[in-house]
There are 2 protein chains.
Amino acid sequence: MSPTLVFEPDGRRVQAKKTDTVARAAQRVKISLNADCGGRGTCGKCRIIIKEQANASLVTDVEKTHLTTEELSIGYRLACQTIVHGDLVIYVPRSNSGQRRIQVGGFDRGTTINPAVAKHFVELKPPSLEDALPDFDRLVKSIGGRKRRLDSIRLSALRNLPRVLRESDWKITATAWDDEIVDVQKGDTTGSSLGLAVDIGTSKLAVLLIDLVNGSTMSVESLENPQIVHGEDVYTRMTYALEESKNVQELGRLVVGGINFIVNEFERKSGIKGRDIYEVVVVGNTTMHHLFLELPTRSLAFSPFVPAIKTGVNTKAQSLGLKVNPEANVYSFPVIAGFVGGDAVADLLTTGITEQEDLSMLIDIGTNTEIALGNRTDLLCCSCASGPAFEGYHIAHGVKAVSGAIERIRIDLSSLKAEYKTVNGVPPIGICGSGMIDVLAEMRRLGLITPDGRFSQEFKDQFQRRNGMLEYSIVPGQESATGRDIVITQKDVRELQLAKAAIYTGCQALLDEKETLATEVKTVYVAGAFGNYLNLGNAIAIGMLPPFNEERFRLVGNSAVTGARLGLVSKEMRDMAEMIAQNSRYLELGARKSFNKDFTAALNFPQTKLGNIDP
Amino acid sequence: MSPTLVFEPDGRRVQAKKTDTVARAAQRVKISLNADCGGRGTCGKCRIIIKEQANASLVTDVEKTHLTTEELSIGYRLACQTIVHGDLVIYVPRSNSGQRRIQVGGFDRGTTINPAVAKHFVELKPPSLEDALPDFDRLVKSIGGRKRRLDSIRLSALRNLPRVLRESDWKITATAWDDEIVDVQKGDTTGSSLGLAVDIGTSKLAVLLIDLVNGSTMSVESLENPQIVHGEDVYTRMTYALEESKNVQELGRLVVGGINFIVNEFERKSGIKGRDIYEVVVVGNTTMHHLFLELPTRSLAFSPFVPAIKTGVNTKAQSLGLKVNPEANVYSFPVIAGFVGGDAVADLLTTGITEQEDLSMLIDIGTNTEIALGNRTDLLCCSCASGPAFEGYHIAHGVKAVSGAIERIRIDLSSLKAEYKTVNGVPPIGICGSGMIDVLAEMRRLGLITPDGRFSQEFKDQFQRRNGMLEYSIVPGQESATGRDIVITQKDVRELQLAKAAIYTGCQALLDEKETLATEVKTVYVAGAFGNYLNLGNAIAIGMLPPFNEERFRLVGNSAVTGARLGLVSKEMRDMAEMIAQNSRYLELGARKSFNKDFTAALNFPQTKLGNIDP
C-alpha cells in the first residue's frame, strides 16, 4: 500500500510513492513550499515539520546546514530532502506573512515610551591606586545609579564587566532591566535596543519586533503554532498534556521553537541580532500561557478551571530556551480566569475599556470567544466555547483566511447563485469564517434555510445531495483551485449554528448580569484576526451578535499583540494590565441557571428581516 | 625508578612501588586516612584528591559507589582503591574536624533572628466555580502577601504549586526569600528551615549549618580548600587563573565541590536534606570571592588591584552548582578592596567596631593579614602580604595547627633546651604558627638570636649545622612522630622576620594615618584561627604587633564565619555589612612613601626586654 501524506493545517491528502520527496508530493496537491531553488536544497526555504520521523528518510547534511539543532529536534525538515518511507502528517509552517492574512496591529492607542529596559552609555574614569573603586560600583556611580535604584547586576554581566571596561577604553553601554544591569557592551550601543511582543494564539504565533528606543514596530512575523502537530484546538492539546507531564514540556518547547524560528527570520530579514533583544512580552489564552511556561494544565482542564497564577510572570529567556539575550526578561501577561487569558487582558488594555466612563463591550472571536462588558468602575467577562468552525475546522470546505479563501459571499436574488471574493483574488480553495457568516445570512435572507437551520424544501432544486447530505454549491469544480465543488452542507450549517449561538449567549449573559441593554453599550470592540473581515450586519442578522447599533462597532484586529506591544514599551501600561486582571470579575456561563435554555434559543436564526441586509 | 608520592598539605614524601595502593604508601609515612574497613573499600572514608590521574589506576566500581560524579571529576579517589602507576601529588582532605583544629565560632554577638528566608504554613480554602481565584493568588492572599510585599514566585515553584496544593488537601508551606516564593511543600514544614554560613579561606573552608528558625548552629564542618591542588597560596592560584579563562571556572568549581562535600557530610551526620537549605551566605578574601563566583581575577592581579564588584552579590544556588535547594539564594558578602575582602567585612561585623564610639583595631592574621582601625565615624583598613610562613609553608618543619603540631614552646634558661606542647598532646610532627612566635621570642629573650635575626655566635654550641645551614633543635628525632629532628633554621627565622615585619608595618601605618598612638586604641581584636593560640606577649616581644596594652586584646577566633552567620540570620546585619563595605576607606600600603623604610626597620627584633615575658 502506498503511504498517505496529510498536509496540515489544510488537511490535504495525497498518496505518495516510497521514493517521492515530500516536496514532489506537495506539488501534486498544489501546496506551495516557497522554495527558490527548484528542490536542489540550496535555498533552505521548503521547511516542514514532521511528527513521525521514523516514516521519513534520515536528516541529510544539506538539512543540517539550513536547520538548527533545535529546529531538527522539533521535527523541522526540508521537504526537498525528505524522502517518504511511510504515512506522514506534514505540518507546513507559513512563516511568509504575505501568503497568509494574519492580522497584526490594527487598532492602537498612544502611550509614552517608557520600557522596563534602559540602556546607559557611560564613560568611566579609569581606576588608580588613589581611586580603586571596584568596577560595578564605579559603573553605578557613573550612571547615577543609587538614585535610579540601579543596585544589582546579573552574574553573567558581572563576569564580562572587567574585560569589557578595559577593552573599550572605559566607554561602555550598560543595559538595565528594572533595577538590575543585565548586559554590558563595548562603546555606545544605546541606539539599538529591541524587544518582542508575542501573541501565542492557539492556531498562530504573531510576533512584533519592537524598537525600544522609540517604540516603533520594525518588523512583523507570524507562524502557525507548531503545537498544531498535537491537535488543532486547545482541548486536544490539553488532553495530550494530561497524558504525561513531559508532554507539557514538549508543548511549551514547540512554542518556544516557533518563536525562535521567527527570531531567526528577524535576524535574516532585518539584520538584527537576537542577543540585542532584551525583553519579550507574551500574551495568550490561559492554556497557551500555561504551556508556554510549562505550568501543569490539569486544573485548567477540570471544573472549577483554576489557573496556576493570575499575576503576570517574569522569568529569564534562558530558563525557557528563547534564543534572545539569555538574560532578557520574559513577561507573561496576567490572566483573568481559566478561559479568559492574557490575550483578553491585552485586548482590554488596547481598547482602554477599563479607563472609560461609558460602558463598552469587547468580543474576541476565536475557538474560544472571550467577551467583556464594563467600564472603569467594573468589568465583567466570560468565555464561550464557540469552537473552531469559523476557523475552518469541521466545515466541509472550511479553510482559514489563507490565499484563495472565500471571504465574501453574496447570493443573487434572481439566479440564487453565489457570487464570491477570495483572499488575494486567486482561484478559490474553500470558505473562511467571514464567508461562512455571509453565506448563512444570505441563505437565510432568501429563505434557502429555515429559521431553525434546515435547508428549505421550498428551494430543493438549488441543493444537491451527496453521500445522503444536502449541500448548496458556492463554486463549481471547474472554477475552483482544487477541481472540486466548493459547497456548504446541512451539517456545516448545524456546526455554524452551535458556534454563533455560543457567542450570542455569552454576549447576552453579560448584558443580563449587568442589567443593561445592547443599545446602552456605547462601543463594541470586535477583536481577533477574523474580526477584520466580518460583515457585521450579517453577523447580527444570523443572531451571532446581539443587535447593537452598527455604528458603535470598532474592528480592532489583533488587539492582543497590540496590547503586548503596549506592555513592552511602557511600564505604566504593564501596571495597568496587572490592574485589569486583578479587578475583573469572571462570570462562569455554565454556572448560570438559564444557560441551557438561552443557548438552545440562540441556535435559531432571528425571524426579523434587518434593514442592513442588502435588499 | 620508583614513583615518588607527595602527600599534601603536609608535604610528606615517600617512594612507592608500582603495585602499592596509595593507602599502603600513606601508612608508611604515618598518614592516617581515617579508614574504618582496613582497605576493603567498604567504608569509603579514605578520600584523597589526585591531580595526575594518568599516573594512577582507573577509577573502580567500588569508588563509583562512594564518590559522586562531581567528586570524581574534581579528582576525588579512595586511597585503598588507587594503585600507584607513577609520581603523584596526593592531597589529603581533612574533613574530620576533630583531627584538625579549625577554629569556628568563638567570639560572637547577639542579634535578632530575622533571616531573609521565611516559611509560611497556610491552609487554603479550595476553589469552586464561585471562587476560582488562581492558585498563586489564593496562596498570596492567604499569607497576607500584598502587605508583606510577597508578590512573585519562582517559575520552578509555580510549576509544582498546583500539584502540591491538591495532593496535600490545600495545606502547604511556602518558603519565601525576600519578596519571592522559592519553594512550596506539602503540609507544615515550618519547623525546618536551614542555611549555610561559609567562610572560604585560602587554605580551608569552614561551614556552619544554621537553623534559620532559631538562629542556632546545628553542625560545623571544615575542609581544606580543594583549590590547593593548584597552589598553596593565593598568588599561585591567581597565576593559574590568569593562564586561561577556563581555569577560573575550574577553581570556582573546586570550591563549590568542597562545599557540596560538606553538605553531604551534614546530610550523612545530621540527617538533614540539602534541599532544605534555602540560603547560603559566603565570606572570603577578594580572590576567593571572585573565584567562587567565577569572576575574572586579572584586574585583582595587577595594580591598581580593582575588584569586579564591591557590593554584595545575590545569585541562585543552581547557577553555581551548589547542591542545596536549587532556588536557594547565595549571598556573597561585599568586599572593601582587592586585598580586603568579605572575610574582613565579616570580622568587622562580628566585632561591631563600626558601631562603637571608641577607637578599635582589627587584625585578621593569615597569608594576607587584613588590618582595620576606626570607629563608627570612620574606618581605615589595609592589607599586608604577611605570607604563609605562620601557616607552616616555607618553614623547614612548619605545619598547620593539626594534631601533633607544636603550638607552645618555652626554652629553659639553664639547659637552653626547648619544652613544648602539641595539639592533642600526641608526638610532635612539626611547628605551627603560635609555636614559631614562641620560639622566636624565647630565642631572642635568651639571646640565641641577635636583634637583626642572626643565630648568635655566642651560643654556637646550641646549634647544629646541616647542609650548610644553622639550626636549633626543638625535638630530637627519637621523640618526634616522624623520626626526624624538629628544628628551626636560620632561613626559617628570616622567613618569619618578613612575615612579622609586614604585620607590624601595616598596624603602624594605620596608626600613623589616623595620627593616633597604639595606647589610644581601646580594643584590639585579633581574628583568624591562628589568633586563638597566640601568646600575645611574645607577638609583641618579637615586634609583630605594636605595644598595645595586653588587657585590651580580644581573641575572636574565626570571626569571619561568625559574620557570615550574622548575615545569614539577620537582614539588618546584612545591611550593616553592606554599609561597612561602602563606608570603609582603604589604604594602599605600597603607595606610602615611607613603606620601604618602615618595613626594613620592622624586620629587626625590638631591643627592649618586655615585662610580660617570663623571666
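Predicted model: local features only at pLDDT ≥ 70, side-chain atom pairs only at ≥ 80, totals over all residues.

**Entry 1**

Helix 8 itself covers residues 245-270 of chain B, 26 residues in total. From first C-alpha to last it reaches 38 Å, close to the 38 Å expected at 1.5 Å a residue.

**Entry 1: cis peptide bonds**

Which peptide bond is cis in chain A? I found the one from A:S303 to A:P304, with omega near 5 degrees. A:P304 belongs to the loop between helix 10 (298-301) and strand 14 (313-316) of chain A.

I checked chain B as well. The bond from B:S303 to B:P304 is cis, with omega near 5 degrees. B:P304 lies in the loop between helix 10 (298-301) and strand 14 (313-316) of chain B.

**Entry 2: a sheet of four strands in chain B**

A reminder to myself: strands of a sheet pair through backbone hydrogen bonds, either parallel or antiparallel. The sheet I picked in chain B is open, has four strands in the order 6-8-9-7, and shows mixed pairing. Which strands sit at the edges? They are strand 6 (117-123) and strand 7 (152-153) of chain B, and each pairs on one side only.

I followed strand 7 of chain B to its partner. Two bridges join it to strand 9 (residues 180-186) of chain B, and the two run parallel. B:I153 is opposite B:I181 of strand 9 of chain B.

Next I asked what packs on this sheet. Helix 4 (residues 135-143) of chain B does, touching strand 6, strand 7, strand 8 (171-177) and strand 9 of chain B. The direction of helix 4 makes about 100 degrees with that of strand 6 of chain B. Helix 6 (residues 155-167) of chain B lies across strand 7, strand 8 and strand 9 of chain B, and runs at about 30 degrees to strand 9.

**Entry 3: a sheet of three strands in chain A**

In chain A I looked at an open sheet of three strands, ordered 20-19-21, with mixed pairing. Strand 19 (residues 405-411) of chain A runs parallel to strand 21 of chain A, and two bridges join them. A:A405 has A:G430 in strand 21 of chain A as its bridge partner. Helix 13 (residues 433-445) of chain A lies across strand 19 and strand 21 of chain A, at about 15 degrees to strand 19.

**Entry 4: helices 14 and 18 in chain A**

At what angle do helix 14 (residues 490-513) and helix 18 (residues 595-603) of chain A pack? I read about 130 degrees, with the axes 8 Å apart. That angle makes helix 14 of chain A oblique to helix 18 of chain A. Their crossing is right-handed. Helix 14 of chain A brings residues including A:L498, A:A501 and A:Y504 to the contact, and helix 18 of chain A brings A:F595 and A:F599 among others. By class, I noted eight nonpolar, two polar and two charged residues in this contact.

**Entry 5: helices 12 and 16 in chain B**

Last, I turned to helix 12 (residues 342-351) and helix 16 (residues 559-569) of chain B, which pack at about 75 degrees with axes 7 Å apart. Helix 12 of chain B is therefore roughly perpendicular to helix 16 of chain B. Among the residues in contact are B:A346 and B:L349 of helix 12 of chain B, and B:G563 and B:G567 of helix 16 of chain B. The residues of this contact divide into five nonpolar, five polar and two charged.

Methods:
Residues numbered from 1 in each chain as written. Chains lettered and ligands numbered in written order. Heavy atoms only, no water. Axes fitted to C-alpha atoms, helices over the stretch in contact; angles between N-to-C directions. Parallel < 35°, antiparallel > 145°, perpendicular 65-115°, else oblique. Left-handed = near helix turned anticlockwise from the far one by under 90°. Contact = heavy atoms within 4.5 Å. Nonpolar A, V, L, I, M, F, W, Y, C, P; charged D, E, K, R; others polar. Expected span 1.5 Å × (residues − 1). Pairing = 2+ DSSP bridges.
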